[in-house]
Amino acid sequence: MISNVLQGVTVPKQGNCTLARCSLSGVPRGQGLACANSRKFVANNSSIFAVRYFRTTAACRNDVVTVNTPAFAESVTEGDVRWEKAVGDTVTEDEVVCEIETDKTSVQVPAPAAGVIEALLVPDGGKVEGGTPLFKLRKTGAPIPTAMPPVPPVSTQPIESKPVSSVKPTAAPAVEPGPSKGARSEHRVKMNRMRQRIAQRLKEAQNTCAMLTTFNEIDMSNIQEMRARHRDSFLKKHNMKLGFMSAFVKATAFALQDQPVVNAVIDDTTKEIVYRDYVDISVAVATPRGLVVPVIRNVETMNFADIERTINELGEKARKNELAIEDMDGGTFTISNGGVFGSLFGTPIINPPQSAILGMHAIVDRPVAVGGKVEVRPMMFVALTYDHRLIDGREAVTFLRKIKAAVEDPRVLLLDL
């Protein structure tokens, strides 16, 4: 504390802290004193003393809250912090302050109340676990002293004025030249946790599974005609568009029930085959941070409208980066639609611990033989990559042909053929 006492100047009490009367005796002109406890500054700029008050963390401890890292799911132990706000930023209640990037998804951490960020307790990119303190927030409405306007210095000498014409214009700062045309450069960006996990899982799949891919092609004429005929009625009743994904998801569930080994998985610990009586289909969705696979559960019980509604809800959450780990846990089979990006042909990689994955591709008009004649039809190549340790070629080819039949003629689903 300041040892001297300023007679006649009282600093008001701030929360749990009261600054005693202070003195400026012996303070050189142009300097000041500061109280380490309350961070108040007493200036001596002239013969008139000015007192200026600054906000402090220590002054009102009850109005400053420390926000901790939320608890993670059981399968996640830690994550990396990416700050959206900086110290001194004003935030509203529920405004996102940072995101914690895990190997499965990103967890947003909102402000619990309106206020000002007083401290960031973890560096950008730092690792945190559940319960780790993240930042300190001073709530709006905390008793912060109002800053007093500065007192202008008093001079005993008259102030000389100069004509405006005599003032020289300020020179513009020099602009740093950019890289010359054709310059060769490079930069490094840290691989985020999700991309690291994707790389790890895909490599594990290659090292573990005996992956083999079989192909077929689907005539999309009938499904396009059905979609065009019922588009308006479907939109009016269900308030959403009828897409192609619902047809493929439903056809996949139908084929998985017909060939249950494709829906099964090998338990490497017990050397057993685990057959599932339910169908949970993971749908691969590309996001700026990497590929995520939200799960549509119990597809075998759904109709086209149920599937479209669930796909829309999961897609919206993915676009807003609001997918929870629970939305992506599990899954017995995966569908990856590279056709939305224009992919004509490709071999997808299995999403472990699943045993197979379906790859959809672009719809392209191609000449095909129909009834002994050449016709131009909208065609799509499809690929099934499967674990040959568990699934034989017969089951894989039959499974893919079942999908082809159900998409080309949806009446196959109705008649359970």
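Student: Which residues make the nonpolar surface patch of about 330 Å²?

Tutor: Phe215, Leu344, Phe345 and Val364 make that patch. Keep in mind that this is a predicted model.

Student: What makes Phe345 count as partly exposed?

Tutor: Phenylalanine 345 has a relative accessibility of 46%. Buried would need under 20% and exposed over 50%, so 46% puts phenylalanine 345 in between, as partly exposed. As for its place in the chain, phenylalanine 345 sits in the loop between β19 and β20.

Student: Is Phe215 buried, exposed or partly exposed, and how do you know?

Tutor: Partly exposed: phenylalanine 215 comes out at a relative accessible area of 34%.

Student: Why is the pair of Phe333 and Phe399 called tilted?

Tutor: The centres of phenylalanine 333 and phenylalanine 399 are 5.5 Å apart, with the planes at 55°. Stacked needs under 30 degrees and edge-to-face over 60, so 55° leaves tilted as the label for this pair. Phenylalanine 333 is in strand β19 and phenylalanine 399 in helix α6 (residues 393-408), so here the parts tied together are 66 residues apart in sequence. Both phenylalanine 333 and phenylalanine 399 are buried.

Student: What is the order of the strands in the sheet that holds β12 and β19?

Tutor: It's an open sheet of 6 strands, running β12-β21-β20-β19-β15-β18, with mixed pairing. β12 (211-219) and β18 (295-296) are the edge strands: each has a single partner strand, so one side of each lacks a neighbour in the sheet.

Student: Are β19 and β20 parallel or antiparallel, and what makes them a pair?

Tutor: Parallel: strand β19 (residues 333-337) and strand β20 (residues 356-370) are joined over 4 bridges. A pair needs at least two bridges, so 4 bridges are enough for β19 and β20. As one of the positions, isoleucine 335 has leucine 358 in β20 as its bridge partner.

Student: Where does Asp280 lie, and why is it called buried?

Tutor: Aspartate 280 is in the loop between β14 (272-274) and β15 (281-283). The relative accessible area of aspartate 280 is 8%, and buried means under 20%, so aspartate 280 is buried. Beyond its neighbours within four places in sequence, aspartate 280 is in contact with several residues, among them Val295, Arg297, Gly331 and Phe333.

Student: What about the 4-strand sheet: which strands stand at its edges?

Tutor: That open sheet has the order β8-β7-β5-β10, with antiparallel pairing. At the edges stand β8 (106-110) and β10 (127-128), each with a single partner strand, so one side of each has no neighbour in the sheet.

Student: What makes β5 and β7 a strand pair?

Tutor: Strand β5 (residues 79-83) and strand β7 (residues 96-101) share 4 bridges in the antiparallel sense. With at least two required, β5 and β7 therefore pair. Tryptophan 83 has cysteine 98 in β7 as its bridge partner, and aspartate 80 stands opposite glutamate 101 in β7.

Student: And what joins β7 to β8?

Tutor: They pair in the antiparallel sense over 5 bridges, with valine 96 opposite proline 110 in β8. β7 and β8 form a hairpin, with 4 residues between them.

Student: Why is β7 called mostly covered?

Tutor: Of the 6 residues in β7, 5 are buried. Each of those falls under 20% relative accessible area, so β7 is mostly covered.

Notes
Residues are numbered from 1 along each chain as its sequence is written. This is a predicted model: local features need pLDDT of at least 70, side-chain atom pairs count only at pLDDT 80 or more; totals for chains, interfaces and linings use all residues. Side-chain values use heavy atoms; hydrogens and water are left out. Helices (H or I, at least four residues) and strands (E, at least two) are DSSP runs, numbered from the N terminus. Buried means under 20% relative accessible area, exposed over 50%, partly exposed in between (1.4 Å probe, protein chains only). Contact means heavy atoms within 4.5 Å. Patches are made of residues with over 30% relative accessible area and no salt bridge: like charges are joined within 9 Å, nonpolar side chains (Val, Leu, Ile, Met, Phe, Trp, Tyr) within 5 Å. Accessible areas come from the Shrake-Rupley method with a 1.4 Å probe; for residues, only the protein chains shown count as cover. A salt bridge is a side-chain nitrogen of Lys or Arg within 4 Å of a carboxyl oxygen of Asp or Glu. Rings of Phe, Tyr and Trp (its six-membered ring) pair if their centres lie within 6.5 Å; planes under 30 degrees apart count as stacked, over 60 as edge-to-face and the rest as tilted.
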